[in-house]
Amino acid sequence: MTARRPCPPAPGPLEDYAARFDDLFFSLAQRRGFREYLTGLLAPRERNKTITCLAGAEPVAGAGMPGVQRLQFFLSESPWEVERVNDRRLELLREESATAPHDGGVIVIDDSGDRKDGTATAHVGRQWLGRLGKTDNGIVTVTTVWTDGRVYYPLHATPYTPAHHFARGRSDPAFRTKPQLAAALAARGKEAGFGCRAVVADCAYSVSDDWYLALREAGLAYVVALKPHRGTWAPADQPHTPIEAAHALAWRDAKRPGDWTPVQRHFRDGHTETWWAADARLGGYGPDSPCRMVVATTDPASLPEKATWYLATNLPHPDAPHAATSPHPPADVAEIVRLYGLRPWIEQSYKQIKDELGWADFQVRSDRAIRRHQTLVNCAFSFCWDQWFAPARHLDATAPDPCPEEGPERGSSRTPPAPTALLAQGLTSHPFLAHPRRHPQPMVASMDGHGPTLRAPGPDRRGHHRTRH
């Protein structure tokens, strides 16, 4: 067998990370494409992370350049297995002590939509896009994130295919709803070694019986939000909605809380808040039932809409008769509040992979290419954690700029000397991804959520102020 030809190294510390994936690629072109794609995703450019941008070419005019065509082939046609790359990424996260999962964390489930024009792209359709807050033509992807409040990173992702793509619509055997996809991804996360205390989701998943059944079959606990006014069967003299069940709980004031228990919530910026939580009874929900309903709020008297949670969980009450035989350890109301309080970290990850790493900026149409792009974005995100916990290294201020002769960036009226930035070496607590000779511009700034997050232009603003020729 002939020896492998050496691959041009990726800039800075990215080479050490990319080299751990080399055995998954069968040719020099694939190894080089992997490095070039990650470098482009991580570089601090003002343009959307399209393939021309990743290759350092002009929009539209540079689409035929060899570097652009090489990345296009790597993403769409080159024979490499995207699942193996994602499995290796997760393996590296498990092996690093700072990012290794443990049973105190959670797997958060959510879906996110992005607008896409036309009808030829895989998975595209007119559907609700949470990023835009309206129904529009686009692609929705169901994702899972593991977090313990200290670190957070994506596990798996799968695009949702609307019913009109199937011959028999929603009755087609191949059709899967978002809750079904989400439950399958949560089970995959557990099988991949990412243990968790519970699976956490918002109220969009609480209305699906298939979701509950799939999690039960996978042996996973859950904490899911309920819609406050969603009715359920109950006798006439009992509550019929979660908000009615909350109002039925006894409360006078903080000194005489009645059914409520104070819960101290701790936030990453150091401040704390006192919330109140209680087990409520509604239909089949109750502290003695296999499914509990927990209400958490800042004010039990008024139950403010934006500061009140109505949660369903199969984690047993510590005093429940079935607590000793349940497959899941008991949890008090403080633990339930802590677990659901981790759900916003998936929104933080969306903000970073979308606004800074170009999750929705792909210019491909096939299902395979879309999944590959999403996996490569997740690799770039995981590289930032790899560098966050890496030991300090000496900054090489003499590192050459890889693309010194690029054209102007979109959105800029001037031509900068070198828009493509080299990854800074020696990153530790702040993963600045910029050329070390220039002012460092953070791409995934302050992974703990303290620092500013650079926002990409919205869909209605993209294309404005485009450089004219």
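Helix α5 (residues 82-95) meets helix α11 (residues 367-388) through Val82, Val85, Asn86, Arg89 and Leu93 on the α5 side, and these touch Arg371, Arg372, Thr375, Asn378, Cys379 and Ser382 on the α11 side. Contact here just means heavy atoms within 4.5 Å, and helices are DSSP runs (H or I, at least four residues) numbered from the N terminus. This is a predicted model, so local features need pLDDT of at least 70 and side-chain atom pairs count only at pLDDT 80 or more, while totals for chains, interfaces and linings use all residues. Residues are numbered from 1 along each chain as its sequence is written, and side-chain values use heavy atoms, with hydrogens and water left out.

The axes of α5 and α11 come within 10 Å and cross at roughly 15°; axes are lines fitted to C-alpha atoms, for helices over the stretch in contact, with angles running from 0 to 180 degrees between N-to-C directions. That makes the two helices, α5 and α11, roughly parallel (angles under 35 degrees get this label). The crossing of α5 past α11 is left-handed, meaning that the near helix is turned anticlockwise from the far one by less than a right angle, with clockwise giving right-handed.

A second pair is α6 (residues 178-191) and α7 (residues 209-217), whose axes come within 8 Å and also cross at roughly 15°. These helices, α6 and α7, are roughly parallel too, but α6 passes α7 in a right-handed crossing. On α6, Pro179, Gln180, Ala182, Ala183 and Ala186 do the touching, and their partners on α7 are Asp210, Trp211, Ala214 and Leu215. Setting aside neighbours within four places in sequence, Trp211 also has contacts that include Ile109, Val199, Tyr205 and Tyr222.

Trp211 turns up again in the largest nonpolar core, which has 115 residues. Such a core is a set of buried Ala, Val, Leu, Ile, Met, Phe, Trp, Tyr and Cys residues joined through side-chain atoms within 4.5 Å, where buried means under 20% relative accessible area with a 1.4 Å probe, protein chains only. Phe21, Phe34, Tyr153, Trp211, Val223 and Leu376 touch the most other members. Helix α11 gives the most to this core, with 11 residues.

Helix α11 also packs against the buried residues of α4, as do α2 (28-42) and α3 (51-54). In α4 (residues 66-76), the buried set is Gly67, Val68, Leu71, Phe74, Leu75 and Ser76.

Notes:
Buried < 20%, exposed > 50% of the residue type's maximum accessible area, 1.4 Å probe, protein only. Parallel < 35°, antiparallel > 145°, perpendicular 65-115°, else oblique.
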